[in-house]
Amino acid sequence: MMEMVLTRELLEEYFKIDNIIDYYHENKRGKNSVGIDKVNSRLFNENLNWYAKTINRKIMNGSYKFTPYKQKLISKGKSNTPRQISIPTIKDKITLGLLKEILHKKFLTDIYYETVHTIISDLESEIQDPHKDYFFKIDISDFYGNIDHEKLFKKLRKRIRDKKLLKILKRSIKTPTVKEGSQKDKTVNTRGVPQGLPVSNILSSIYMNALDDKYINRSDLIYKRFVDDIIIICNNKDSDAIYNEIVRDLTSKTTLDLIINPEKKDEGFVSNGFYYLGYFLDGTSTTIRKEAITNMKKSLESIFVTIAHTYKKSNPNINFFLWQLNLRITGSKYGGRKYGWLIFYSQISEDNEDIFHHLDWFVRKKLLQDRFKLQNLVDKNQIKRFTRAYNEIRKNFTNTRYLPNFDNYSHENKVDFIEGVLGKPTVDLSKERVDYIFNNTIYKEVNQLEKDIQGVSF
C-alpha cells in the first residue's frame, strides 16, 4: 500500500540542489517563455546555481513564495471569452514541475488519465455494443476556474500530511495572474486552479477522482473524460436518468460544486455519429472535422507567406523554410513528448487517408504559385508527405527516422542544424550556447505545433 504520509525526506529528495539543476537541464533549458520577472533562460542559466540554492532553501524552510503569474489570453472565437493561461517565472516553473512529480508519485493510483489516442481507440471498439446506442456530452463552464480550494485540499490531505508541502501547494494556486506591466492588482486567487501551471492538470485530476471512480467501471455505460470534456455512451432508455445523476454529482455543493451549461449539451444516437476531441466517430469509420483540415492549411500557408515576405528584405533562408515546413507536416518528438497535428489525428481510419493526400496536393500547389517565388529554389522531393508520415506513425513510430526526434540530437547534430538550417556560424560558440540556440529554436517551433491543435472542438 502506498505510504500515506508525505515525509520531509521526500521533499528533501526532490528538492536537493543537484536534483533541481538536473530537472532544469532535462525540462526547461532553452525554453523561452518568460514570466513577469522578464528573466529568460539565458539569464537564468547564467545564475543557475544561485537559483537552485534559493529554491532549495526556501522550500525546506517553508518560505517559498511564487511570483505573480503573467497573463496570456488565448482566443476561443468571436463569441467566447478568451481562455486565460498563467505563465510562471522559470524559477517557479521548476518548483512547480518538481511539485508535480511529488503529486504524481503520491496519487498515481488515484487519478484517471488516458491519452486522446487511447480514448479514441477505446471508443472505436466500445461503441460497437448495440445496447449502448446513445451518447451525451457535458459542458463544464470554466472548469479550472471553478475548482473549490477547500474541497481540493480535503482530497490532497488524504495522502499528504506534510503541512509544509500543503502550504506551498496552496500558495501555488492562490498566486494571482496579472497583465504584463501591471502588477498592482495582486488579489489572492480564492477559487480555481490557474491554467498553464505544471501542477494544473494533476490537481484537476485529483479533484475529479471520485467522479471518475464512480463512473469508469460501470457496466451500463461508457465513461470518458479528457480534462473537462466528458462523454457518456449508454442505452437510450437510460440516458436521461444517467445524465441527471452525473449532473448532480458535478454540481452538488457537497461534491464538486462545478457549473454545467445545459444549453451546450450535445446528444444523439451513436449511429448518426458524434464529435469528440476533434474526431468524428459513427461506429464504422473515424475521421476529423473539416475545420481541423482548414486550420492545418492556414498553418502551412503561413510558412509560405513568411518566406515570400523575406524576399522583400533579404535573401530567404530556403533551408529553414524546408525544415519548418517538413516539421509542420510530420510533427516530432521533443522532451519525451510527441508533438504535431498529424500525430494528434493519426487515429483516423485508413479509409479516410485521402485527407492526407489532399494536404500533400495542397502543399505542392503552394510550391508552384508565382507569388511565393519557390519554383526554381525548391525541389518538391525535398518536401515530406503527410501520407508517408501517417503510415510511419501508425506502423513504425518507435523506429522511424522520417519524423525527427530532437531528444536524440548529439552536439554534432546540433551544430549541423545551426549551421545548415539556421545558417549561423558556430565556430566561436560554447557547447552551452549551442544547446541554448538549438533548444530555443525547437521550443518555438514545438509551440507552433501545439497551436495547430489548440481549439480542438468538444
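This is a predicted model: local features need pLDDT of at least 70, side-chain atom pairs count only at pLDDT 80 or more; totals for chains, interfaces and linings use all residues.
User: Which residues gather in the patch of negative charge on the surface?
Analyst: Those are Asp18, Asp22, Glu26 and Glu101. Patch residues have over 30% relative accessible area (Shrake-Rupley, 1.4 Å probe) and no salt bridge, and like charges are joined within 9 Å. Residues are numbered from 1 along each chain as its sequence is written, and side-chain values use heavy atoms, leaving out hydrogens and water.

User: Which helix gives the largest share of that patch?
Analyst: Helix H2 (residues 17-28) does, with 3 residues. Glutamate 26 lies in helix H2.

User: Switching topic, how many salt bridges are there?
Analyst: The count is 24, taking a Lys or Arg side-chain nitrogen within 4 Å of an Asp or Glu carboxyl oxygen. One joins aspartate 266 and lysine 137, at 3.2 Å from N to O.

User: Where do those two sit?
Analyst: Aspartate 266 is in strand E7 (residues 266-269) and lysine 137 in strand E3 (residues 134-139), 129 residues apart.

User: And what's the mean pLDDT of the protein chain?
Analyst: It's 91, with 95% of residues reaching 70 or more.

How values were computed
pLDDT is the predictor's confidence in each residue, from 0 to 100. Patches are made of residues with over 30% relative accessible area and no salt bridge: like charges are joined within 9 Å, nonpolar side chains (Val, Leu, Ile, Met, Phe, Trp, Tyr) within 5 Å. Lys and Arg count as positive and Asp and Glu as negative; His and the chain ends are not counted. The place of a charge is taken as NZ of Lys, CZ of Arg, CG of Asp or CD of Glu. Helices (H or I, at least four residues) and strands (E, at least two) are DSSP runs, numbered from the N terminus.
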